[in-house]
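Biologist: Can you walk me through this one? I've never looked at it before.

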Amino acid sequence: MLQRQAQRPPAERVVLYDGLCKLCNGWANFLIRHDRQHRIRLATVQSPAGQALLHWAGLPLDNVKTIVLIDEGQIYLRATAIFRVTACLPWPWRALALLRWLPAKLSNYCYDRIAVNRYRLFGRYDSLQRPQADHPQRFLDNGC
């Protein structure tokens, strides 16, 4: 977890993901399908809203190789972000959050191996993709 002072941190729980990555888009679809209480909002890292949040968080604006969760002004990356997001989902998916008790070194190692090879393993879109939203406010902006 990274802590960062900001002029105005996002008040909601936002997941930033790579809009070109097929695995990442699958993750976004999964969240849309299972987050029935609409607790999580989404933005691609390539979108204007995503770029603004990356800048706010002090993260690189290009070549982002991790999921980013911004929750109540806190920034979470990699496996920690995944575990915190799954904790917001209904059962049985919430049970995946129990993996947070694994040593961070191990869970982040596994996460990093997948993240570095995600295009090779799962593919890449030629243009930005955005899953079909289940409600109008699911995405931070109207563009991808």
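Biologist: Where is R118 found?

Modeller: R118 is found in helix α5, which covers residues 118-122. Helices here are DSSP runs of H or I with at least four residues, strands are E runs of at least two, and both are numbered from the N terminus. This is a predicted model: local features need pLDDT of at least 70, side-chain atom pairs count only at pLDDT 80 or more, and totals for chains, interfaces and linings use all residues. Residues are numbered from 1 along each chain as its sequence is written, and side-chain values use heavy atoms, leaving out hydrogens and water.

Biologist: Is R118 buried or exposed?

Modeller: With a relative accessible area of 9%, R118 is buried. Buried means under 20% relative accessible area, exposed means over 50%, and partly exposed is in between (1.4 Å probe, protein chains only).

Biologist: And what does R118 touch?

Modeller: Leaving aside residues up to four places away in sequence, R118 touches D18, C21, L23, C24, V64, K65 and G123. Contact means heavy atoms within 4.5 Å.

Biologist: OK, new topic. What is the strand order in the sheet?

Modeller: The order is β2-β1-β3-β4, in an open sheet of 4 strands with mixed pairing. β2 and β4 stand at the edges with a single partner strand each, so one side of each has no neighbour in the sheet. From one strand to the next, the twist averages 20°.

Biologist: Which strands pair with β1, and in what sense?

Modeller: β1 pairs with β2 (residues 40-44) in the parallel sense, over 5 bridges. With β3 (residues 68-71), β1 pairs in the antiparallel sense over 3 bridges. Two strands count as paired if DSSP finds at least two bridges between them. To find the spots on screen, look for R13 opposite I40 in β2, and for L16 with its bridge partner V68 in β3.

Biologist: How many bridges link β3 and β4?

Modeller: There are 4 bridges, in the antiparallel sense. V68 turns up again there, with L77 as its bridge partner in β4.

Biologist: How many residues of β1 are buried?

Modeller: 5 of its 5 residues, which are residues 13-17. Both faces are covered: R13, V15 and Y17 are buried on one side, and V14 and L16 on the other.

Biologist: How does the chain cross from β1 to β2?

Modeller: The chain goes through helix α1 (residues 22-34), and this β-α-β crossover is right-handed. That is, with the strands pointing away from the viewer, the path from the first strand over the helix to the second runs clockwise.

Biologist: Which strands does α1 lie across? And what about α2?

Modeller: α1 lies across β1 and β2, at about 155° to β1. α2 (residues 48-57) lies across β1, β2, β3 and β4, at about 105° to β1. Axes are lines fitted to C-alpha atoms, for helices over the stretch in contact, and angles run from 0 to 180 degrees between N-to-C directions.

Biologist: At what angle do α3 and α4 cross?

Modeller: Roughly 100°, with the axes of α3 (residues 78-86) and α4 (residues 104-116) coming within 7 Å. The two helices are therefore roughly perpendicular, a label for 65 to 115 degrees; under 35 is roughly parallel, over 145 roughly antiparallel and the rest oblique.

Biologist: Which residues meet there?

Modeller: R78, A79, T80, I82 and F83 in α3 meet S107, N108, Y111 and D112 in α4.

Biologist: Which residues of α3 are buried?

Modeller: A79, A81, F83, V85 and T86. These buried residues pack against β1, α1, β2, β3, β4 and α4.

Biologist: Is E72 buried or exposed? And R78?

Modeller: E72 counts as exposed at 64% relative accessibility, while R78 is partly exposed at 29%.
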